[in-house]
Amino acid sequence: MEDTFAQDHLPKNDLQPKYSFLDLPQFNQPENLNCVERLLDIHCNKGKGKNPCIYSNDTLWTYQDLLEKSNQIAHVLVDDLHIKPGNRVLLRSCNNAMMVACWFAVLKVGGIVVATMPLLRAKELETMIHCAEIAHVISDFSLAEEVLLIESEFVKSKSFFGDQNFDKLVASKPKKFQNYATKADDIALIGFTSGTTGNPKMTAHFHKDILNICEAFPAFSLQPTEKDIFTGTPPIGFTFGLGGLVLFPMYYGASTVLIEKPNPDLLLQTIEKHKVTVCFTAPTAWRILTEKSKEYNISSLRKCVSAGETLPLKIWEDWYETTGLKIIDGIGSTEMLHIFISSNKEQYKPGATGVPVTGYEAKIVDEQGNEVERNTPGRLAVRGITGCKYLNRPEKQKEYVENGWNITGDIFTQDEDGFFWFIARGDDMIISSGYNIAAIEVESVLLMHNDIAECAVVGIPDAERGMLVCANIVLKDSEKATMELKTSIQNWFKEKAAPYKYPRMINFMERLPKTETGKIQRFKLKQQ
């Protein structure tokens, strides 16, 4: 019997985004569709099972290796964990081959993947579990500590790959598995937008969505072949990382190098060692890579992709001057699944984000939804082969989807040639080193501290990280305002929430600037 929780909580028809370009051959998916068959099984069926697929922890997995391991895990999910089609399964791991095998296994049995960041703490995971009513958790054994702390009435099982008993169970299973017959419009994954405290937003994507994005950005900007080797730094728990390091290479029969704990030197070593041709990372990383690139042979690189935050022109120019390679900028979102505006050889302007990739259309609108004149700042509106589908949040769905168009929350202009230029975020989102951090979620954690009476969090521009999380704090006792307390609050925060969210700047204040109605004037804090 299927679990219909996710399907039942999709937005009503009148709140759904309008889709376009689905009549193009590459986006016209069959009604009966399990995306795993096109991403994984097909390569083995075509006799290419011995082709390299994943390099992970100094080990090479072929497409046949990945298929067999995914099939064995799928048997465990059905036979031992009794996972039903439609069940949500939370995955917790760094980027490695077993994470990918589990990802495919969940879809093979008709489940819905909820991939998470390895840095999230138990309370944050519990919030996600509660929102999505997640029954099963699968984690890398090295990250078991926080999973074991999870307390939830919804969770029926916790499993750990890397644990001797689980690995033996997997190894005992058959290497063939009959994929569950999902539909093209069945939900394959749920991505949580930034904000995992309170009531975060869950955005759903169908099996057809997963395949369609593989025919959009990569075909437009990368032109991949099976000879390509991908790598990068974004976690698979981000849809940016999922697409760039798993979906795109496997759709085209290429290979990918997964780095569990990437840093600039390790990334450059990986490019040199494996002769990587396509690299995905954030703008701040490209800046550091520019400084270190002369120490390594990275001549194999042909495509460099930047997303997660806007790409400063200076970083683009420095990288181009150093390597002769043009970084491909792009904007995407969890709501849209992946990149929808970017550039290619024929359509390129340094400093511009780009033009809509094949499968999408975009425009700049005012507050009433009317398209504005060229070179006029306004809200970015997008529609195409994917769209925002928040589960169980009709009030947020109305904010993101207007008249069928997806309103991303970004302020852009469009020039006479049709190129889109980023101006600013339209909300209080802080994008630091590629991580999306909502100010309100940092505040909600800080307010749990015994010494804090009030706080307001803003993003402060920073040359290295793009933005820094800055917490402006009013203490209950102002005499405690010391450097030692700042450090203590920062360390305390890292124990309560994912460390990448912690405030790197703390300002103690007598009072927060507010309007007469009591609303905090964040613009004044940013000016200070």
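1. Three strands make up an open sheet with mixed pairing, in the order β24-β25-β26. The edges belong to β24 (452-462) and β26 (505-508). Each has a single partner strand, so one side of each lacks a neighbour in the sheet. From one strand to the next, the twist averages 25°. Keep in mind that this is a predicted model.

2. Look next at how β25 meets β26. Strand β25 covers residues 466-475. Four bridges join β25 to β26, and the two run parallel.

3. Helix α16 spans residues 483-496. This helix lies across β24, β25 and β26. Its run is at about 130° to β26.

4. Now the other sheet. It is open and has three strands, in the order β14-β15-β16. Here the pairing is antiparallel. At the edges stand β14 (331-332) and β16 (355-356). Each has a single partner strand, so one side of each is left without a neighbour in the sheet.

5. Which strand do two bridges join to β14? Strand β15, residues 339-342, is that partner, and the two run antiparallel. Ile 331 stands opposite Ile 341 in β15.

Terms used. Residues numbered from 1 in each chain as written. Predicted model: local features only at pLDDT ≥ 70, side-chain atom pairs only at ≥ 80, totals over all residues. Heavy atoms only, no water. Pairing = 2+ DSSP bridges. Axes fitted to C-alpha atoms, helices over the stretch in contact; angles between N-to-C directions. Contact = heavy atoms within 4.5 Å.
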